[in-house]
Amino acid sequence: MPAHSPHLRLSDSGTLVERHWNELAAKRRSYTLLSVAILLMATFGSLWFANETNAGKFFDRLPYFFDFLGDMAPRDAMEPVRALFDLPSPYDDGSFKYNYPEGRLYLTDAIYIPEYFHKMLETINIAILSTLFGFAFGFPLCFLAARNLTPNSWIRVPVRRVMEILRAFPEVVIAGFFLAILSIGAIPAIIAVSIHTVGALGKLFFEVVENADMKPDEGLTAVGGNWIERVWFGTVPQVMPNFLSYVLLRLEINVRASTIIGAVGGGGIGELLRLSIGQNHPAKTIAIVFLLLVTIIAVDQFSAWLRRRLVGDRAFELTA
């Protein structure tokens with residue numbers, strides 16, 4: 001009789017297996033429905049809370065959601081280009097809305113850097129410095145936090161707790177604290193992003209270290225190598241490609257974080273974006289958003305290229 005025949009009779013053990021599978025499938029469906037119900041309840045509860053706490057009434061304002069896009073339409077298609085490159089506007093009426101040339105950073109009498117490019121470079125500089133500081137401090141801490149290299153809990157546990165504290169607060173919260181102490185500017189932004197980066201990279205690093213092959217470490221221990229030699233020659237060569245990959249990923253994140261911090265007084269392009277939106281300057285807003293988009297894509301592509309150069313193309317090939 002063919003195996004696909006509807007009259008095929010299962011053995012007692014086969015019937016038991018089929019019944020058990022049906023029970024598991026039914027239980028899985030019930031758990032799925034319960035999870036969906038809980039998710040919907042949480043979603044509607046969050047929307048209700050947003051509506052009750054929002055000063056302008058969340059649901060009442062939803063029909064006007066796209067009005068902002070209409071308000072941000074420039075007077076002509078070339079106006080964002082003029083704002084991006086600090087070119088004079090034919091609509092200049094002496095107000096801040098069209099004062100594009102006033103933001104130029106002159107290198108010579110004839111050569112200048114457009115304001116938004118200069119501020120974007122400042123944001124990238126904040127991100128790069130913060131990433132370097134985060135790597136410089138997260139690199140040594142991760143080996144002290146790894147269980148396989150530091151079995152002493154009196155050292156390992158406090159180091160982990162310190163890294164948890166460093167990454168516990170968002171960069172913008174840390175920046176607000178240092179802005180209150182050091183005033184506005186790029187320095188508080190660098191400190192804030194660096195602190196969070198140390199905690200974030202330290203965690204990622206020590207998880208990579210704990211998954212490293214310990215045979216080189218055992219060999220170095222057998223020939224009398226000290227702890228630093230075991231780490232440097234036995235573990236670092238294994239984990240460095242992953243470390244560099246995480247550093248490049250963190251650089252991309254820090255570019256976005258630096259932009260957000262700039263909006264609260266941390267310098268860079270974020271501050272100009274906040275002002276252009278708040279003052280209803282359409283051309284400036286579109287120019288900054290476009291520059292941000294291009295910059296983030298460029299950083300992402302550069303990171304991917306550099307990661308391939310450092311790790312090698314074979315690491316990205318799919319195995320059969």
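**Loops, helix crossing and salt bridges**

Q: In which loop is the place of glutamine 279?
A: This predicted model is read with residues numbered from 1 along each chain as its sequence is written, and local features need pLDDT of at least 70, side-chain atom pairs count only at pLDDT 80 or more, and totals for chains, interfaces and linings use all residues. Side-chain values use heavy atoms, with hydrogens and water left out. Helices are DSSP runs (H or I, at least four residues), numbered from the N terminus. Glutamine 279 has its place in the loop between helix 11 (269-278) and helix 12 (282-311).

Q: Is glutamine 279 buried, partly exposed or exposed?
A: Buried means under 20% relative accessible area and exposed over 50%, with partly exposed in between (1.4 Å probe, protein chains only). The relative accessible area of glutamine 279 is 43%, so this residue counts as partly exposed.

Q: How far apart in space are glutamine 279 and methionine 240, C-alpha to C-alpha?
A: In sequence, glutamine 279 and methionine 240 are 39 residues apart. In space, their C-alpha to C-alpha separation is 47 Å.

Q: What is the phi of serine 183?
A: Serine 183 has its place in the loop between helix 7 and helix 8. At 43% relative accessibility, serine 183 is partly exposed. Its phi is a positive value in a residue other than glycine, near 70°.

Q: How far apart in space are valine 173 and alanine 192, C-alpha to C-alpha?
A: Valine 173 lies in helix 7 and counts as partly exposed, because its relative accessibility is 46%. Although valine 173 and alanine 192 are 19 residues apart in sequence, their C-alpha separation in space is 8.2 Å.

Q: How many salt bridges does the structure hold?
A: Side chains of opposite charge can pair when their charged atoms come close. A salt bridge is counted where a side-chain nitrogen of Lys or Arg is within 4 Å of a carboxyl oxygen of Asp or Glu. The number of salt bridges in the structure is eight.

Q: Which residue pairs with glutamate 171 in a salt bridge?
A: The N to O distance of this pair is 2.9 Å. The pair links distant parts of the chain, 79 residues apart, with glutamate 171 in helix 7 (residues 171-182) and its partner in helix 10 (residues 227-266). Both residues are buried. The partner of glutamate 171 is arginine 250.

Q: Why are lysine 203 and glutamate 207 separated by about one helical turn?
A: The side chains of lysine 203 and glutamate 207 meet in a salt bridge of 2.9 Å, N to O. Lysine 203 is partly exposed at a relative accessible area of 30%, and glutamate 207 is partly exposed at 32%. Their separation is about one helical turn because, in helix 8 (residues 186-210), the two lie apart by four residues.

Q: Which residues are linked with Glu79 in a network of salt bridges?
A: Aspartate 76 and arginine 82 form a salt bridge with their closest N and O atoms 3.2 Å apart. Both of these residues are buried. The network links Glu79 with Asp76 and Arg82.
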